[in-house]
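Trainee: Can we go over who touches whom in this model? I'd like to take the chains, then the domains.
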Amino acid sequence: MGDLDDLYREIILDHYRSPRNRGELESPPAHRVEGFNPLCGDEVVVSLLVEDGKLADLKIGGSGCSISQSSASLMSSAVKGKSVDEVFQLIRTFKGMMSIHEALLGHENETEEPEVIDVEKLGELAALQGVVKFPVRIKCATLSWNALAQGLDEVAAEAS
Amino acid sequence: MTALPLNVEALRKDFPLLTRTVHDRPIVYLDSASSALQPQSVINTMARYYETTHANVHRGVYATAEESTHLYEHARIMTGRFIGANEPEHEIVFTKNTTESINLVAHTWGRANLKAGDRILLTEMEHHANIVPWLMLAEEIGLEIRYIPVDGEGRLDLDDLSTLVAGVKLVGLSAMSNVLGTINPVTEIAAVAHSAGALVVVDGAQLVPHAPIKVTELGADFLAFSAHKMMGPTGIGVLWARKELLNAMPPFLGGGGMILDVKLDSFRPAAPPARFEAGTPPIAEAVGLSAAIEYLDEIGMDRIRAHELALTNHALARLDEKLGRDCRIFGPPAGADRGGVMSIAYRDVHAHDLAQVLDQFGVCVRPGHHCAKPLMRKLGVQATARASLSLFSDEHDIEVLIEGLLEAGRLFR
C-alpha cells in the first residue's frame, strides 16, 4: 500500500496512539479555542497559556481521525515553550508545507509570498508531508494549527 | 448464499463508471446512498437531448421548443407514475433536490399554516435536510419541535407516539434512514398523525430509489426525493404533494414561469406545479430522470428491493463472520425493515482512516456524520464509514470491503 505508507508514517501512528500534551488547561488563565471541521465532525480544543511572550503551556482536547489528532499532538510537542514569534514562524512553515495542494484546489487565501520550506526545520512534523498527496486530508492536518493561530491572535488582541 | 435475484454481471455493463480503476484496482462503488451512478442510457439520453432538442420550455412555438416542453412535462408524468401518484401533472413539482423540496414545504405550507407556539414532530434519525428547515422556521415564527426517539436497535420508538403527536400540526420523518438503513413504518405513523389532525412530510431520498412506493398507500401528504440517488442526474429533485395542498400553498421562489399575471404593484401566481417552479427549470435533468425511471422500471423496483435485501442480509452475516465483535454496524439486524445502508465502526479506527484505506482497494464508502449529527450524538459516535448497496452490488464487493477493513485493522493495530 505505497501511498498509504506515506500518509500513515510510524511517527503519525505513534502520536495518534499516544497523544502528547493531552487535556485542557484551566481557563482562565489559559485561553481556550475550538476548531471544527464541519464536513467530517472532527474537533480539536487547544488551550494555551502565553506568558512573557512565550507559549508557556498548551494542551490538546477533542477527537477525530488519525491525521487531525496526530497533527495536533505533533504540533503541541513542537511549539510548547517557544516564543510566540517562533510559533507563528512554525505555523507559517507548516502551512506552507500543506499549502501546495490547497493552491491547486483553489483554497489559497494567503496573500504573502510562499515561503521556501525547510523541511529539516520541521523535525518530526515533516512526517506529515505525505498528507499533501491526499488533498482531502489537508484540512484534517491543519485543523489544530488554525485553532492555535486563532488562539494566539485572540490572546494578542486581548492584551492590546 | 443462494444466487442473488439480479444478474449483476450483465447489469454492470450498463454503468460506464464501473469500468474504471482506482489505484490500479477495479472500482467497488458502495456509496449509492450519497449519489448513485448513471447507466449509459441516462447519459446518452441527456446528450441526445442537448444534441437534437434543447430549447427553453413553456415559451417558444418552434418545433424544438415544443419538443422540449413535451419531454419536460413527460418527465413529470413518468415521475408521478413511478410513485403511483393519481394526478402527476398536478402533483409533481420539480425542485433542485430533496433538501429544496423539504425547504419548499417549510417556506410555503409552513409559513401559511404554522404560527407561534405550534408544534411539529420529527424523528431523531432525520437527515439535516429534514431538521434544519424546521429549526429555521422555528427561529422565525416560534415553533415547538418534538422528536420521536430512536431505540437501541436503531428503530423509531413508537411507544409514546400518541402522546407525542397530540396537538402536532406536522409530522416529518424519513422513510429510510441514511445512517441506520432502518425502513420506518411510515403508513402506520401517518395514520396516527392524521387521526391527530397532523399532516405528514416524508423524506424519501433513501427509500424511493430502492423500493416500490405507492404514494396513495404510503399515507404521506408530502414526499421529497432526488433524481441523483436513483441513477438520474444531479440538479433535479421532486416534491410530490396532494393536489389540494399544493393548490392552497403560496409560491416559493418568485420569477418567470410561476405567474399568471404581473403588474407593477402586484402579481397573480400560476396554478401548481408551475407556481413552484420559478425560472428556467432543469430540463435536461428532467429528461435524464425519465431515462433513469425507465431503467429502474425495466428491472423492476420489487426485484431491486429483493436483490438489495438479500445482499444486505448476506453482508451483515459475512461482516460478522469475518470481523466479529471488532466490527459494529449501526441499525436494525438483518430483516425486512432494513435497506442496503451499513454504517460501520471497525475497532477504534476512525471512519476517515477506514475510508482512506478502503480507497486504496478501490472501495468507495462515505465517512463522516452523514448530515445526521443529532443521531450520531445519540449513537455516541463522531463518524462512521457507510457502505451502501445498489442494484449492481454483489458478494464480491462485500469481500473487497472486508479485505480493506482487515488491512485498516493491521495498519492501526
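Trainee: How many residues does chain A put into the contact with chain B?

Mentor: This is a predicted model, where local features need pLDDT of at least 70, side-chain atom pairs count only at pLDDT 80 or more, and totals for chains, interfaces and linings use all residues. Residues are numbered from 1 along each chain as its sequence is written, with chains lettered from A and ligands numbered from 1 in the order in which they are written. Two residues are in contact if their C-beta atoms, placed from the backbone, lie within 7 Å. Chain B brings 14 residues, and the number from chain A is 14.

Trainee: Which element of chain B gives the most to the side that touches chain A?

Mentor: Helices (H or I, at least four residues) and strands (E, at least two) are DSSP runs, numbered from the N terminus. At least two residues each come from strand 16 (366-368), helix 15 (395-411) and helix 13 (351-360) of chain B. With 5 residues, the top contributor is helix 13 of chain B.

Trainee: Now inside chain B: how far apart are the centres of domain 1 and domain 2?

Mentor: Domain bounds come from an automatic or database domain assignment. Domain 1 of chain B covers 8-30 + 300-411, and domain 2 covers 43-298. Taken over C-alpha atoms, their centres are separated by 28 Å.

Trainee: And which element has the largest share of the side of domain 1 that touches domain 2 in chain B?

Mentor: That contact takes 25 residues from domain 2 of chain B and 21 residues from domain 1. On the domain 1 side, strand 14 (341-346), helix 14 (373-379) and helix 12 (301-323) of chain B give two or more residues. The largest share, 5 residues, belongs to helix 12 of chain B.
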